[in-house]
Amino acid sequence: MSGEFTLDDLKRILRAAAGADESVDLDGDIADASFEALGYESLALLETGSRIEQEYGIVLRDDLLTVEETPRGLIDSVNAHLSGAVST
Amino acid sequence: MNTPVVVTGLGVVSPNGLGAADYWAATLVGKSGLSRITRFDPSQYPARLAGEIHGFAAEEHLPSRLLPQTDRMTRLALVAADWALADAGVSTAERPAFEMGVITASASGGFEFGQNELRKLWSRGGQYVSAYQSFAWFYAVNSGQISIRHGLKGPSGVVVSDQAGGLDAVAQARRQIRKGTPLIVSGGVDASLCPWGWVAQTAGGRLSTSDEPSRAYLPFDSAARGHVPGEGGAILIMEDLAAARARGARVYGEVAGYGATFDPRPGSGRAPGLRKAIELALADADTGPAAVDLVFADAAALPELDRSEAAALCAVFGARGVPVTAPKTMTGRLYSGAAPLDLATAFLAMREGIIPPTVNVEAAAEHRLDLVTRQTRDAELRTVLVLARGHGGFNSAMVLRSARDTDPPVANERKTHVR
């Protein structure tokens, strides 16, 4: 898998894992919105996290996948795993 | 006091028609939805025909958030619920959430979704199983998803009693309305036409192994040889009559009576319970056999079960004492969806004054039934009986009364003899 996990990667996985809320534009400025504000509940995030783990071969901390988390926070954590800054 | 409970909206998803209007038009001309299975290759299985719904594209009707988390049966149920609410002219957003509930029937749960996730479990590992498997497969999921989509927070649940459940759920909805919730979304939709679901149904030993759609499902025919399963059903909007009238709703008719029994253990020598269920339903509706204008049969299409249903009908109504029909010969048996679809069909039949036919069947003389075969029959229909039996001994019967007979003067008059 390539080195960096981007917002586009996250959007692709979110759409496949859980779809997108009709009232939310995922292509808008979403990096700092909470997942809850983006229309995702805990199960959607569990499924999203699971797909990221499978695709990138990493294991994320359970407490990372909360509805209060933001796309930017999740992307930073995934990239920290990918760069080896966090051991899994 | 037992307040009258009426149906004000219909949502139909059937192998021979999507939407109540399409379904009814197809049913009147005897259009069958039975054919060789296309969803998977059925050639290795003993039964190969089914009533599949074609042309249903869930993404045209439902938001993308719902698609990864729903089995086919739930998608069909959600769309049927949308259509039923629209048909009833009900805007759920404008009503108090705790004054609306949802009680559906289910017979199998989300088999196709479950099959896909179980395949991932044994082929790739537990981490590949969808988080939505936690609920997408289970019996109550149609009620749950309808409740969430429309914000229905009143009494809700699921009834599981195979094909009888379709009536049992509607009866439970009526109970909750009489306890004070003015509107309940009810009915049932089943769909398990996938290899796992098919193996489970085959194991029941009741499927027809014919490869000819017009000769496969022949209830009350001397060539009866089991049933063809289908997918689909109907969602009904049920309301307290006074509340429905107060908002000016169009009323299809009343759920006037219900009875349910359980068969004695096999070999006991005691009679099966269907006759008693019919008698209980008639008594509950404060009426008698002479008032019944039409019966929708359970129509198992296994010789012994056909004999026992015909015997119950002859015992209550006399030989050829009432017209009997089974439009499910066009859809296959829909399990929990079958009786709600029969209820919807009965309301449409009462409105139009037309009895839809039992297709492809030549009624065997031994059953002594006035079976409406080949084509429609015109009739004034004011009281209709719907029967449903579930595997393992469930018998349910429901009496419906036409909209005309739920007009306020008649309803008020009837109140005087309600127990």
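Predicted model: local features only at pLDDT ≥ 70, side-chain atom pairs only at ≥ 80, totals over all residues.

**Domains of chain B**

The domain assignment divides chain B into domain 1, spanning 5-246, and domain 2, spanning 256-404, and the centres of domain 1 and domain 2 of chain B, taken over C-alpha atoms, are separated by 21 Å. In contact across the boundary are 62 residues of domain 1 of chain B and 62 residues of domain 2 of chain B. Together domain 1 and domain 2 of chain B bury about 4,800 Å², of which 66% lies on carbon and sulfur atoms. Of the area that domain 1 of chain B buries against domain 2 of chain B, 21% is supplied by Gln163(B), Leu167(B) and Phe220(B), more than by any other three residues.

Between domain 1 and domain 2 of chain B the count is 21 residue pairs in polar contact, both residues being at pLDDT 80 or more. On the side of domain 1 of chain B that touches domain 2 of chain B, the elements that each supply at least two residues are strand E1 (5-14), helix H1 (20-28), helix H6 (165-178), strand E7 (183-190) and strand E8 (232-240) of chain B, with the largest share, seven residues, coming from H6(B). The residues of this side of domain 1 of chain B comprise 28 nonpolar, 22 polar and twelve charged. The count of salt bridges between domain 1 and domain 2 of chain B is one.

**Salt bridges**

Over all chains, the count comes to 29 salt bridges, and the table gives some of them.

| Salt bridge | Closest N to O distance |
|---|---|
| Arg174(B) and Asp284(B) | 2.6 Å |
| Asp342(B) and Lys328(B) | 2.9 Å |
| Asp8(A) and Lys11(A) | 3.6 Å |

In chain A, Asp8(A), Lys11(A), Arg15(A) and Asp27(A) are linked in a network of salt bridges. Because Asp8(A) and Lys11(A) are three residues apart in helix H1 (residues 7-18) of chain A, about one helical turn separates them. Asp8(A) is exposed, at a relative accessible area of 54%, whereas Lys11(A) is buried, at 8%.

In chain B, the salt bridge between Asp342(B) and Lys328(B) links distant parts of the chain, 14 residues apart, with Asp342(B) in helix H11 (residues 338-352) and Lys328(B) in the loop between strand E11 (323-325) and H11. Asp342(B) is buried, with a relative accessible area of 3%, and Lys328(B) also counts as buried, at 4% relative accessibility.

How values were computed
Residues numbered from 1 in each chain as written. Chains lettered and ligands numbered in written order. Heavy atoms only, no water. Domains from an automatic or database assignment. Contact = heavy atoms within 4.5 Å. Buried area = accessible area lost by both parts, 1.4 Å probe. Salt bridge = Lys/Arg side-chain N within 4 Å of Asp/Glu carboxyl O. Polar contact = N/O pair within 3.5 Å; in protein donor to acceptor, adjacent residues only side chain to side chain. Helix = DSSP H or I, 4+ residues; strand = E, 2+ residues; numbered from the N terminus. Nonpolar A, V, L, I, M, F, W, Y, C, P; charged D, E, K, R; others polar. Buried < 20%, exposed > 50% of the residue type's maximum accessible area, 1.4 Å probe, protein only.
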